[in-house]
Amino acid sequence: MFTHEDLSRLQTQSLKMQGFIRQQTFSPEMTKTLRRFSSWEVAELILKVNQSTLRGRMAADPTLPQGQVEEDGRQRWYALEEINEIRRRLKVNRKSLMPHRPAGKRAFRTAIANFKGGAGKSTVALHFAHAAALDGYRVLCVDFDPQATLSHSMGLSDVTEEYTVWGIMARDLVRETERMNAAVRGAESGSALPQRRLPEAITGMGLRDLRVADFIKPTSWPTIDLVPSCANAAFVEFASAQYRHLNPEWSFFAAVSRYLDALPVDAYDMVIFDCPPAIGYQSMNAVFAADMLYIPSGPGYWEYDSTTSFIGQLSEALADLGGFEDAVPAGTLHLPKVFYDIRFLLTRYEPGNDLHRAMRSAFQKVWEDRVTEHPIEMTRAVEQSGRFLSSIYEIDYREMTRETWRRARTSFDRAYEEFRGHALAAWDKLEDEA
């Protein structure tokens, strides 16, 4: 016979092991750090310029960051901050090395979402964020999943629920209820709307006065920030149902959108959401705030079946938001919800697997050009990066054969470059914020 006390004891034992694993995975201080990148990577893979050209330009301008030299003197290694300074200051053939960002637009938001656990949502979110950072973009990640895989992979593990999406939603409930209570019904009657009362258990948490920046945590990547998640945030689904009962007029699905609208327009370039494997209050906030929906799926029949169910149930859930049209204040997205693009991305794909090829063909027949051209292939390097809570971009290529590392990186590079192309095309369609 087991009770909650036994479960608590089992968790305590596991937390001790978690600490040991983090020591082996990150640093002895349990702090994740970002490695340096070789001059070969900087030239060929990051800035995409000829190595000899870059070496010549660096030698000609000693004020540019020169990196650190290996003991044998054959290779220089650069921190990402140094790479970004080179990117800002250097032009090659009179062409800027800075990434394209549509003028006058806010950050572009993408939700990585699907029902199926193990579809690769967190892996895709992690790799796209890291690839975008290497591309020169400033990235904000939002972890909606209580499993917190993305947060742990970013090096954040000691997070309290007040500073997760749940905190953002509870803060929004308090502020929106105050706004509604202060509003009047209309000019003709001038009568006040029904007053909604929130219990001290909610108003007394102090969330109302938290600043927007209080929910954002830095990561080991200097141009990536994160709104983290944690296991304790799992109760958000239950709490949100209670919140809706307390204030039925509260547009719960727009809480994160309102929060992101409060960020400075130029604070970030891309916002990436890692969604939980379910349609609930958190995932509805993610898809409502998103400009583009990216749906990863494994290459098997059950993954295809789950993806079909996901888009069907998501369609029904978004349709059910009818009736809230007048409850979403100015400054947020409007109803009905509109995505600027929707894409399906195959993950864990094996080109030599007949079943995988057949299922890819099935995906393409059904969703046609909505299926991305470049799937993410399953390789030994991808498996290893997952075991160590790291992306392929964080792994030093000297830790394995360069060919193994290069194959995995090429797969993610192609998937990211296709993602960036879709994002830029959709980004141009956003209304100007300036």
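The structure is a predicted model, in which local features need pLDDT of at least 70 and side-chain atom pairs count only at pLDDT 80 or more, whereas totals for chains, interfaces and linings use all residues. Residues are numbered from 1 along each chain as its sequence is written, and side-chain values use heavy atoms, with hydrogens and water left out. Helices (H or I, at least four residues) and strands (E, at least two) are DSSP runs, numbered from the N terminus.

Strand 7 (residues 139–143) pairs in the parallel sense with strand 9 (residues 224–227) over four bridges, and five bridges join strand 7 to strand 10 (residues 270–274), again in parallel; two strands are taken to pair if DSSP finds at least two bridges between them. Strand 7 is mostly covered, with five of its five residues buried, where buried means under 20% relative accessible area, exposed over 50% and partly exposed in between (1.4 Å probe, protein chains only). Val 139, Cys 141 and Asp 143 point one way from the strand, while Leu 140 and Val 142 point the other way.

Helix 2 (residues 39–47) is likewise mostly covered, eight of its nine residues being buried. The buried residues are Ser 39, Trp 40, Glu 41, Val 42, Ala 43, Leu 45, Ile 46 and Leu 47. Among the elements that cover them are strand 1 (37–38), helix 3 (51–60), strand 3 (76–78), helix 4 (80–89), helix 5 (121–134) and helix 15 (402–427). Helix 2 is followed by Lys 48, whose phi is positive, near 60 degrees.

Helix 7 (residues 165–182) and helix 9 (residues 236–246) pack at an angle of about 10 degrees, with their axes 11 Å apart; axes are lines fitted to C-alpha atoms, for helices over the stretch in contact, and angles run from 0 to 180 degrees between N-to-C directions. Helix 7 is therefore roughly parallel to helix 9, given that angles under 35 degrees count as roughly parallel, over 145 as roughly antiparallel, 65 to 115 as roughly perpendicular and the rest as oblique. Trp 166, Met 169, Ala 170 and Leu 173 of helix 7 make the contact with Val 236, Ala 239, Ser 240 and Tyr 243 of helix 9, contact meaning heavy atoms within 4.5 Å. These residues divide into seven nonpolar, one polar and no charged (Ala, Val, Leu, Ile, Met, Phe, Trp, Tyr, Cys and Pro count as nonpolar, Asp, Glu, Lys and Arg as charged, and the others, Gly among them, as polar).

The structure holds 27 aromatic pairs, where rings of Phe, Tyr and Trp (its six-membered ring) pair if their centres lie within 6.5 Å, and planes under 30 degrees apart count as stacked, over 60 as edge-to-face and the rest as tilted. One of these pairs, between Phe 128 and Tyr 294, is edge-to-face, at 5.8 Å centre to centre and 75 degrees between the planes. Phe 128 lies in helix 5 and Tyr 294 in strand 11 (residues 292–297), so that the pair ties together parts 166 residues apart in sequence. Phe 128 is buried, with a relative accessible area of 1%, and Tyr 294 is buried, with a relative accessible area of 1%. Tyr 163 and Phe 215 form a tilted pair, at 6.2 Å centre to centre and 55 degrees between the planes. Tyr 163 is partly exposed, with a relative accessible area of 28%, whereas Phe 215 is buried, at 0%. Ring pairs also link Tyr 243, Trp 250, Phe 252, Phe 253, Tyr 281 and Phe 288 into a cluster.
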